[in-house]
Amino acid sequence: MSELTGLLSKVDMTEIIMASKFMQGRTWKEISAAAGMSEVFVVSACLGQNALPAEAAAKVAGFLELGNRAKDVEIALQMPPKKGQEAETVSKDPLIYRFHEIIYVYGDTIKELIHEEFGDGIMSAIDFDLFIERIENPKGDRVKVSMTGKFLAYNQW
């Protein structure tokens, strides 16, 4: 906890949320349903990478029954994050590393195909949606990751 502000850091907030989630046997589906928001967005906020609106933050803190830490977590969930601050190097976690690997191998291909379809620009990570789902397959279930982002053309002057 920061002595200067009296508020929880995003790291401390996440540790409290994760411990409560584990001890209560809660799922992200349950937590996001309580918040009334997308599962992906609620998880990212609980992990310190996004901020929740006040009403959703209060619902998450209440649902997790955090006792005397509820208000601190509720406030921390609403504070704007410093996104990606812990990512000084490529993660050694195998799942996260694989996403880096996908971008290393297919990043230029994705860029070329987006430019061919839309023109010179980028896909927004601000006006953005992300969905994760299980696809049953007799050879072993598959992970489907779907991302949509608004296309933003580069300004030409």
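The structure is a predicted model, in which local features need pLDDT of at least 70 and side-chain atom pairs count only at pLDDT 80 or more, while totals for chains, interfaces and linings use all residues. Residues are numbered from 1 along each chain as its sequence is written, and side-chain values use heavy atoms, with hydrogens and water left out. The chain holds six helices and two strands, where helices (H or I, at least four residues) and strands (E, at least two) are DSSP runs numbered from the N terminus.

**The chain as a whole**

- Read from the N terminus, the elements follow the order α-α-α-α-α-α-β-β, and the C-alpha trace spans about 55 × 50 × 30 Å along its principal axes.
- Of the 157 residues in the chain, 22% are buried, a term that means under 20% relative accessible area, with exposed meaning over 50% and partly exposed in between (1.4 Å probe, protein chains only).
- Among the contacts (heavy atoms within 4.5 Å) with a separation of 6 or more, 56% are between residues 24 or more positions apart.

- Helix α4 covers residues 54–63, and its residues Ala56, Ala57, Val60 and Ala61 are buried.
- Seen down the axis of α4, these buried residues fall within an arc of 130° and so line one face of the helix, the arc being that of the directions from the helix axis to the C-beta atoms.
- An α-helix has 3.6 residues a turn, so residues three or four places apart point the same way.
- The cover over the buried residues of α4 includes α2 (28–35), α3 (39–46) and α5.
- Glu65 lies in the loop between α4 and α5 (70–78), and Glu65 counts as exposed because its relative accessibility is 59%.
- The phi of Glu65 is near 50°, a positive value in a residue other than glycine.
- Most residues other than glycine have a negative phi.

**Arg134 in strand β1**

- Arg134 belongs to strand β1, which comprises residues 121–135, and with a relative accessibility of 63% Arg134 counts as exposed.
- Apart from its neighbours within four places in sequence, Arg134 is in contact with Asp141 and Arg142.
- The side chains of Arg134 and Asp141 are joined by a polar contact of 2.8 Å, meaning a pair of N or O atoms within 3.5 Å, where within protein one must be able to donate a hydrogen and the other to accept it, and residues adjacent in sequence count only if both atoms are side-chain atoms.
- Arg134 and Ala153 are 19 residues apart along the chain, and their C-alpha atoms are separated by 33 Å.
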